[in-house]
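Reader: I would like to go through this chain piece by piece. Could you show it first?

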Amino acid sequence: MMEFLRFVTTGPEAIYVSVSHVLDPADVAAGSGQDLGAGAHCGPALPVTQGDSRPDLGSLGLAQALALLEDPRDPRGVWHPLVAVLLIAAVAVLAGAKNLLAIAERAADLSQDQLRRSGAWQHPVSGRWVAPSYGTLSRILHEIDAAVLDRLVGGWLLGRARTLSATSRLAGVALDGKVLRGAWTAGRQLCLLQAVLAEPGVTIAQVAVPDDTTETTQVQPLLEPVDIAGMVATADAAHTNPATASYLVEIKKAAHVLPVKGNTPGLLAAVSARLAGPSIAWDEYVGEEAGRGRIERRTLRVADIDPERDGIDFPHVAQVWRLRRDVLGADRRPLTKQIVFGITCLTPPQATPAELAALIRGQWAVECVHWLRDVLYREDESPLVGAAAQAMATLRNISVGMIRLSGEKAITSTTRSMGRDIGRALALLGL
């Protein structure tokens, strides 16, 4: 007998409930199954990976993953299926749509065959497939549970990344928050905390930061539904605190590589003292990269520690590091210099200096996603707030992630190309 999980929403909390019976694959796709009680809303049953308690979202298509999301609308009078609306929105964003109006215009331009492939509503009299209007798109994005949408999409993208992309021995997960500057509610801007798989640059988790706290308290809600065992988490210095380090190592069974700056002055003084001395006294790793008329040289110095001897009172620290970044002109004349200190729980056998340098640089993966959302999709110019703003960010994460997973490096030009041939966007999403 195969075990299945069913996604259930019974109020503010979303859970997975085990259902131990065999379903026909057609039932899985269609979402049929047993009644789970009054007030419970469920999507299709999902096969569970053996030994795990979560559905294997990576084994599904995007449409099947989105089918797990509860439709917030009153079922009376609903014409456009929720999954179809979200798929059409994702296709439109892949083709370059930057806001709800542009999504509606792209949807209206879809051919009958493209609407059919997206699962659009078919008019019962004319038999034509009908694109969702601006009003329908706006209503759905404002009313859906954006937190659950993020969990489903993040899990699906992680599964796709594991299937389609070869990862290095030490897979990095970059954490960082992004403020949506146009999303003002009650005097505060919406902030979204993201986890991005550094290679190939795919968002695997995203949560909205509550108004009464900061992103540093949201690492556990962000990573709770994500399996990052054996991966290496990186973040900015705001996340360098004992609680985060302990959670990553003890609960998530992951490693960390974290910078140390002035917000932890005692730790910074101890780390810098351990790494003091001229370069000639150290076996340093040096890497160089040329591009855009300049040369960037990174020099990494690494040392193991004795907590008592070195005065480093921080959980799960095996080594400390110092990274010096020198930017040179094309003529190799020095332009800028920056020195950053940090810590890691990785031991010398677990990570070479070259691998540590790659993990540190991998933190830029999340910054790249933020840059694309701002520059390509004009995210900060959007006046959307609340669930709609978060859902639009999720659609942009799908777009960037799927283009990355397709092997394309030039996100902007690929988006323009799909704008000219929207069939490519449908094909990329498996429609």
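Predicted model: local features only at pLDDT ≥ 70, side-chain atom pairs only at ≥ 80, totals over all residues.

**Helices, strands and cores**

Reader: Which residues of α15 make the contact with α14?
Author: Contact means heavy atoms within 4.5 Å. On the α14 side, the contact is made by Val400, Ile403 and Arg404. On the α15 side, the residues are Ile411, Thr414, Thr415 and Met418.

Reader: How are helix α7 (residues 146–164) and helix α14 (residues 386–405) packed, at what angle?
Author: Two packed helices are described by the angle between their axes and the distance between the axes. For α7 and α14 the axes are 10 Å apart. The two are therefore roughly parallel. The angle is about 5°.

Reader: How many nonpolar residues does the contact of α7 with α14 have?
Author: Residues that meet include Trp156 and Arg160 in α7, and Gln390 and Ile398 in α14. Ala, Val, Leu, Ile, Met, Phe, Trp, Tyr, Cys and Pro count as nonpolar, Asp, Glu, Lys and Arg as charged, and the others, Gly among them, as polar. By class the contact has 3 polar and 2 charged residues. The nonpolar count is 13.

Reader: How many strands does the chain have?
Author: Helices (H or I, at least four residues) and strands (E, at least two) are DSSP runs, numbered from the N terminus. The chain has 16 helices. The number of strands is 15.

Reader: How many bridges join β13 to β14?
Author: Two strands pair if DSSP finds at least two bridges between them. Strand β12 (residues 285–291) is joined to β13 by 7 bridges in the antiparallel sense. β13 and β14 also run antiparallel, and Ala303 stands opposite Val320 in β14. The bridges from β13 to β14 number 11.

Reader: In β15, what is the bridge partner of Arg325?
Author: Strand β14 (residues 319–329) and β15 pair in the antiparallel sense over 10 bridges. On another side of the pairing list, strand β11 (residues 255–260) is joined to strand β15 (residues 334–344) by 4 bridges. The partner of Arg325 in β15 is Gln338.

Reader: How many residues of strand β13 (residues 294–304) are buried?
Author: Buried means under 20% relative accessible area, exposed over 50%, and partly exposed in between (1.4 Å probe, protein chains only). Across the chain, buried residues make up 50% of the 431 residues. Strand β13 is mostly covered. Of its 11 residues, the number buried is 8.

Reader: How many residues are in the largest nonpolar core?
Author: A nonpolar core is a set of buried Ala, Val, Leu, Ile, Met, Phe, Trp, Tyr and Cys residues joined through side-chain atoms within 4.5 Å. In the largest one, Ile144, Leu223, Ile228, Val320 and Ile343 touch the most other members. A second, separate core of 17 residues includes Trp321 and Val340. The residue count of the largest core is 110.

Reader: Which residue does a cis peptide bond join to Glu199?
Author: Most peptide bonds are trans. In this cis bond, omega is about 25°.

Reader: What phi does Lys253 have?
Author: Most residues other than glycine have a negative phi. Lys253 lies in the loop between α9 (242–251) and β11, and at 54% relative accessibility it counts as exposed. Its phi is positive, about 55°.

Conventions. Residues numbered from 1 in each chain as written. Heavy atoms only, no water. Axes fitted to C-alpha atoms, helices over the stretch in contact; angles between N-to-C directions. Parallel < 35°, antiparallel > 145°, perpendicular 65-115°, else oblique.
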